[in-house]
Amino acid sequence: MSHVPTAMTQDELKQMVAREAIRYVVDDAYIGVGSGSTANFFIDELAGIKGRIKGAVASSVRTAERLRKHSIPVVELTSVDSLPVYIDGADETTAHGAMIKGGGGALTREKIVAAVAAKYVCIIDQSKLVGVLGNFPLPVEVIPMARSHVAHELVKLGGQPELRTGFTTDNGNVILDVEGFRILNPAELEGRINNIVGVVTNGLFAIRGADVILVGTPAGVTTLDAHRFQPGPSR
Ligand code: 5RP
């Protein structure tokens, strides 16, 4: 009997990659958990195996609340010695593991937890896998008093920033969403934007990108090793 994939909703694809991500959970360790709807599906899957882990480090207040609802112990990042794995969604991802994140506004804490983790597993549905980053507006977290200064500097870099209205981050800051970037060198732009005084961080995750990308497609989950194209040391 031939297998014809039936149409799947975006949520079903997110749930499928969330389930697959459980394979990357390390027993008897803490796990870093991201934010957003795909991460929420992961938290719900994690609840089924919570007895295997010590607990979780959350990348946002909402993630911490959802983890606690499932009786998964939540600990501060400062109290863990090591974090073998961080699992999170993204707004856009390249096959090399560079990402735009922050659609949900949790980019700074996500970047901090990701920086500590030994392995970053990105979980996305196929609509998020792109050749070039930039269609999704790039979120930039900004100290409120620096908002106008940062916006002017972003315009100089070729972007069109817009204040995310009615939104305050978990850190008490504002978000500028920047349209108009076609990002050919994500690590370079990440560094340049982070160098603007008043920027807390931006939603480019390229300097520390994903190591593994799980992509949900109607035919199943595709696993991409983000490092497979990178050249080895020259001899
Ligand atoms: C939140 C994020 C999310 O990972 C990103 O916005 C993707 O969200 P979703 O899984 O709901 O599509 O970076 O700050």
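Val-212 has Asp-225 in β13 as its bridge partner. That pair belongs to a run of 6 bridges joining β12 to β13, two strands that run antiparallel. Keep in mind that you're looking at a predicted model. From here we'll walk through the sheets, the helices, the ligand and a couple of loop residues.

**The six-stranded sheet**

- β12 and β13 sit in an open sheet of 6 strands, and the order across it is β2-β1-β3-β6-β12-β13.
- The pairing in this sheet is mixed.
- The edges are taken by β2 (55-58) and β13, and each has a single partner strand, so one side of each has no neighbour in the sheet.
- Going from strand to neighbouring strand, the average turn is 25°, direction ignored.

- Helix α3 (residues 61-69) lies across β1 (30-33) and β2, and it runs at about 160° to β2.
- Helix α4 (residues 107-116) lies across β1, β2, β3 and β6, running at about 150° to β3.

**Helix α1**

- Helix α1 covers residues 10-21, which makes 12 residues.
- From first C-alpha to last, α1 reaches 17 Å, close to the 16 Å expected at 1.5 Å a residue.
- Which residues of α1 are buried? They're Leu-13, Lys-14, Met-16, Val-17, Ala-18 and Ala-21.
- An α-helix has 3.6 residues a turn, so residues three or four places apart point the same way.
- The cover over the buried residues of α1 includes α2 (37-47), along with the strands β3 (85-88), β6 (119-125), β12 (212-217) and β13 (220-225).

**The four-stranded sheet**

- Another open sheet has 4 strands in the order β8-β9-β7-β10, with antiparallel pairing.
- Here β8 (160-163) and β10 (199-202) are the edge strands; each has a single partner strand, so one side of each is left without a neighbour in the sheet.
- Neighbouring strands of this sheet are turned by 30° against each other on average, ignoring direction.
- Strand β7 (residues 138-142) is joined to strand β9 (residues 174-179) by 5 bridges, and the two run antiparallel.
- Within that pairing, Leu-138 has Val-178 in β9 as its bridge partner.
- β8 and β9 also pair in the antiparallel sense, over 4 bridges.
- Val-178 turns up again here, as Pro-161 stands opposite Val-178 in β9.
- Is β9 largely enclosed or left open? Largely enclosed by the rest of the structure, because 5 of its 6 residues are buried.

**Around the ligand**

- How many residues surround the ligand? There are 17, and the closest are Ser-37, Thr-38, Asp-91, Gly-102 and Lys-128.
- Lys-14, one of the buried residues of α1, has a polar side-chain atom 3.2 Å from an oxygen atom of the ligand.
- Gly-89 comes in through its backbone, with an N or O atom 3.3 Å from an oxygen atom of the ligand.
- Gly-103 also has a polar backbone atom 3.4 Å from an oxygen atom of the ligand.

**Two loop residues to look up**

- Asp-170 is in the loop between β8 and β9.
- With a relative accessible area of 38%, Asp-170 is partly exposed.
- Leaving out residues up to four places away in sequence, Asp-170 touches Ser-60, Val-61 and Arg-109.
- For the Val-61 contact there's a distance: the backbone nitrogen of Val-61 is 2.8 Å from a polar atom of the side chain of Asp-170.
- Asp-170 and Ala-18 are 152 residues apart in sequence, and their C-alpha atoms are 24 Å apart in space.
- Thr-94 is in the loop between β4 (92-93) and β5 (99-100).
- Why does Thr-94 count as buried? Because its relative accessibility is 7%, and buried means under 20%.
- Thr-94 touches Leu-129, Val-130, Gly-131, Leu-133 and Ile-213, again leaving out residues up to four places away in sequence.

Methods: Residues are numbered from 1 along each chain as its sequence is written. This is a predicted model: local features need pLDDT of at least 70, side-chain atom pairs count only at pLDDT 80 or more; totals for chains, interfaces and linings use all residues. Side-chain values use heavy atoms; hydrogens and water are left out. The expected span of a helix is 1.5 Å times one less than its number of residues. Buried means under 20% relative accessible area, exposed over 50%, partly exposed in between (1.4 Å probe, protein chains only). Contact means heavy atoms within 4.5 Å. Two strands pair if DSSP finds at least two bridges between them. Axes are lines fitted to C-alpha atoms, for helices over the stretch in contact, and angles run from 0 to 180 degrees between N-to-C directions. A residue is near a molecule or strand if one of its heavy atoms lies within 4 Å of it. A polar contact is a pair of N or O atoms within 3.5 Å; within protein, one must be able to donate a hydrogen and the other to accept it, and residues adjacent in sequence count only if both atoms are side-chain atoms.
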